[in-house]
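Thanks, everyone. I have one structure to walk through today. Please look at the screen.

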Amino acid sequence: MSITFQGYVRPNGKVGSRNLVAVIPSVICATDVAQAICRAVQGTVGFFHRPLLRGGHGV
């Protein structure tokens with residue numbers, strides 16, 4: 001098994017990696033606040049609850 005580094009090469013030849021900040025509301029009522037955080041903070045990635053389908057199951 002070989003280990004690989006999935007980064008990128010900077011213009012100066014050095015390598016770097018990307019870090020993400022995930023915003024994940026733990027309950028559906030916190031979705032509006034989590035979305036506001038994502039709009040206000042550059043570089044964040046939001047993972048939000050989806051609306052319930054008929055029958056009461058989320059997707």
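I'll take the overall fold, then the helix, then one proline, then the surface.

First, the ground rules. This is a predicted model: local features need pLDDT of at least 70, side-chain atom pairs count only at pLDDT 80 or more, and totals for chains, interfaces and linings use all residues. Residues are numbered from 1 along each chain as its sequence is written, and side-chain values use heavy atoms, with hydrogens and water left out.

Confidence next. pLDDT is the predictor's confidence in each residue, from 0 to 100. The protein chain averages 84, and 85% of the residues score at least 70. H1 has the highest confidence, with a mean of 93, and S1 the lowest, at 88.

Now the fold. There is one helix and there are four strands. These are DSSP runs, numbered from the N terminus: helices are H or I, at least four residues, and strands are E, at least two. Along the sequence the order is β-β-β-α-β. The chain has 59 residues, and 12% of them count as buried. Buried means under 20% relative accessible area, exposed over 50%, and partly exposed in between, with a 1.4 Å probe and protein chains only.

On to the helix. H1 covers residues 31-40, and its buried residues are Thr31, Ala34 and Cys38. Why do they share a side? They cover an arc of only 65° around the axis, which puts them on the same side of H1. That arc is taken from the directions from the helix axis to the C-beta atoms. In general, an α-helix has 3.6 residues a turn, so residues three or four places apart point the same way. The face turned away carries exposed Asp32, Val33, Arg39 and Ala40. What covers the buried residues? The cover includes strand S3 (21-23) and strand S4 (44-46).

Now look at Pro25. Proline 25 sits in the loop between S3 and H1. Proline 25 is buried, at 7% relative accessible area. Leaving out residues up to four places away in sequence, Pro25 touches Ala30, Thr31, Ala34, Phe47, Phe48 and His49. Contact here means heavy atoms within 4.5 Å. Proline 25 and histidine 49 are 24 residues apart in sequence, yet 7.8 Å apart in space, C-alpha to C-alpha.

Last, Phe5. Phenylalanine 5 is in the segment before strand S1 (8-9). Is Phe5 buried or exposed? Phenylalanine 5 is exposed, with a relative accessible area of 57%.

That's my tour.
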